[in-house]
Structure formats: structure tokens, C-alpha cells
Amino acid sequence: LDPRAEVQRAAGRIGHAQIAGAPDRYEPDLAQGHLREGLVLLHASGYDGYLGCEYKPRALPIEGLGWASQPRQEGWLK
């Protein structure tokens, strides 16, 4: 399964997107190139919905939200 091809194939029909960090479902790590690339591709495909995040915080939830500032600044995360 090629995630890039799947996002392109489903462009315009994606109704929900959800992420978590791999492999232990902690906060998303945008330093992982594939995660950042996937979010940029999702945005470029026309998806402008919310991004669901279901993960286990490593510490207090407020401390683990720093990852969300970059996508918000770049405009590919609501």
C-alpha cells in the first residue's frame, strides 16, 4: 500500500484524518519525515478538515501539544 497514491486516489472524498506517533502512539513527531510529508500531501490534496489526534501523552497533555505549532503556522492543520 502506497500512502501517497492512496491519498491522491481518495482526494476530495477524505472525510476524516487521524494521527498518532509511531510506534507507541505518543505525541506525533513531525521530525519523522513520512508523517510531515503525509500531512502536507493530505493538505495539498484539498483536505481542509480537522486532524484527529488520539494518542497517549508522555506527560501532561498541555506539555505535549508543542508539535501542533508548526502545522498551524504552515497552514496545513486546523
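Guide: The questions that follow concern a helix, a core and a pocket in this predicted model.

Visitor: How do you know that the length of α2 agrees with that of a helix?

Guide: At 1.5 Å a residue, the expected span is taken over one less than the number of residues. The 12 residues of α2 should therefore span 16 Å, and its end C-alpha atoms are 16 Å apart, which agrees.

Visitor: Which residues of α2 are called buried, and what makes them so?

Guide: They are Leu35, Leu39, Leu41 and Leu42. Each is called buried because its relative accessible area is under 20%.

Visitor: Why are the buried residues of α2 said to line one face of the helix?

Guide: Viewed down the axis of α2, they fall within an arc of 165 degrees, so one face carries them.

Visitor: Which residues lie nearest the centre of the largest pocket, and what makes a residue part of its lining?

Guide: A lining residue has an atom within 4 Å of a pocket point. There are 19 such residues, and Pro3, His34, Leu35, Gly38 and Leu39 lie nearest the centre. The greatest contribution is that of α2, with seven residues. By class, the lining has 11 nonpolar, five polar and three charged residues. The volume of this pocket is about 390 Å³.

Methods
Residues are numbered from 1 along each chain as its sequence is written. This is a predicted model: local features need pLDDT of at least 70, side-chain atom pairs count only at pLDDT 80 or more; totals for chains, interfaces and linings use all residues. Side-chain values use heavy atoms; hydrogens and water are left out. On a 1 Å grid over the protein atoms alone, a cavity is a set of points where a 1.4 Å probe fits but cannot get out, and a pocket is an open set with protein on both sides within 12 Å along at least five of seven lines; lining residues have an atom within 4 Å of a point. Grid points are joined across faces, edges and corners, and a volume is the space filled by probe spheres set on the points. Helices (H or I, at least four residues) and strands (E, at least two) are DSSP runs, numbered from the N terminus. Ala, Val, Leu, Ile, Met, Phe, Trp, Tyr, Cys and Pro count as nonpolar, Asp, Glu, Lys and Arg as charged, and the others, Gly among them, as polar. Buried means under 20% relative accessible area, exposed over 50%, partly exposed in between (1.4 Å probe, protein chains only). The arc is that of the directions from the helix axis to the C-beta atoms.
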